[in-house]
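Let's take a walk through this structure together, one step at a time. Have the sequence and the 3D view open as you read.

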Amino acid sequence: GSTISGLNVVATSDSNVTITEVTSPLTLTGNTDTPASTMNLTLSGTPGTTATYTISGTAPTPTNDTTYNFTLRATDVEGQTADRAFSITISTGINNSGQFN
């Protein structure tokens, strides 16, 4: 349930580029069964020759450590595409914990 902000994806071209999720079903932006296999986050940005899109929202709260795999596609005005695979892991354990005796 932590807030996710500042995760940026950047694509460049000689014409405006748009970045979209092409995972089927949508994993990053989908909400069909959050938190089981979808994250229900937002991918937003403005097309440009250097397009920066931000992943943001509230992370899901799975009961076990869960890795979400998704693919983003950069598409320019000429229809040229480039796909890249990404993953985000949500850890549920207590890290760097202490013990009192």
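Leu 43 stands opposite Ile 55, a residue of β3. Keep in mind as you look that this is a predicted model. The two strands behind this pair are β2 and β3, where β3 covers residues 48-58, and they run antiparallel to each other, joined over four bridges. Together β2 and β3 make a hairpin, with two residues between them.

Which residues does Ile 55 touch, leaving aside its neighbours within four places in sequence? The list is Ile 4, Ser 5, Gly 6, Leu 7, Val 9, Leu 28, Leu 41, Thr 42, Leu 43 and Phe 70.

Now step back to see the sheet as a whole. Five strands form an open sheet with antiparallel pairing, in the order β2-β3-β1-β4-β5. At its edges stand β2 and β5, each with a single partner strand, so one side of each has no neighbour in the sheet. Neighbouring strands are turned against each other by 25 degrees on average, direction ignored.

What about the nonpolar side chains? In soluble globular proteins, such side chains tend to be buried together. The largest nonpolar core of this model has 19 residues, and those that touch the most other members are Ile 19, Leu 28, Met 39, Leu 43, Ile 55 and Leu 72. Two or more core residues come from each of β1, β3, β4 and β5, and β1 gives the most, with five residues.

Two threonines are worth a visit next. Thr 27 is in the loop that lies between β1 (3-21) and β2 (42-45). Is Thr 27 buried or exposed? Its relative accessible area is 10%, and under 20% counts as buried, so Thr 27 is buried. A polar atom of the Thr 27 side chain lies 3.4 Å from the backbone oxygen of Asn 69. Not counting residues up to four places away in sequence, Thr 27 touches Glu 21, Ser 37, Thr 38, Met 39, Asn 40, Tyr 68, Asn 69 and Phe 70.

The other one, Thr 66, has its place in strand β4. Thr 66 is buried too, with a relative accessible area of 15%. A polar atom of its side chain lies 2.8 Å from the backbone oxygen of Asn 64. Beyond residues up to four places away in sequence, Thr 66 touches Ala 36, Ile 88, Thr 89 and Ile 90.

Let's finish with charge. Side chains of opposite charge can pair when their charged atoms come close. How many salt bridges does a search of the whole structure find? The search finds one. Its partners are Asp 83 and Arg 73, whose closest N and O atoms are 2.6 Å apart. Asp 83 belongs to strand β5 (residues 81-90) and Arg 73 to strand β4 (residues 66-76), so the pair ties together parts that are ten residues apart in sequence. Asp 83 is partly exposed, at 33% relative accessibility, and Arg 73 is also partly exposed, with a relative accessible area of 28%.

Methods. Residues are numbered from 1 along each chain as its sequence is written. This is a predicted model: local features need pLDDT of at least 70, side-chain atom pairs count only at pLDDT 80 or more; totals for chains, interfaces and linings use all residues. Side-chain values use heavy atoms; hydrogens and water are left out. A salt bridge is a side-chain nitrogen of Lys or Arg within 4 Å of a carboxyl oxygen of Asp or Glu. Buried means under 20% relative accessible area, exposed over 50%, partly exposed in between (1.4 Å probe, protein chains only). A polar contact is a pair of N or O atoms within 3.5 Å; within protein, one must be able to donate a hydrogen and the other to accept it, and residues adjacent in sequence count only if both atoms are side-chain atoms. Contact means heavy atoms within 4.5 Å. Two strands pair if DSSP finds at least two bridges between them. Axes are lines fitted to C-alpha atoms, for helices over the stretch in contact, and angles run from 0 to 180 degrees between N-to-C directions. A nonpolar core is a set of buried Ala, Val, Leu, Ile, Met, Phe, Trp, Tyr and Cys residues joined through side-chain atoms within 4.5 Å.
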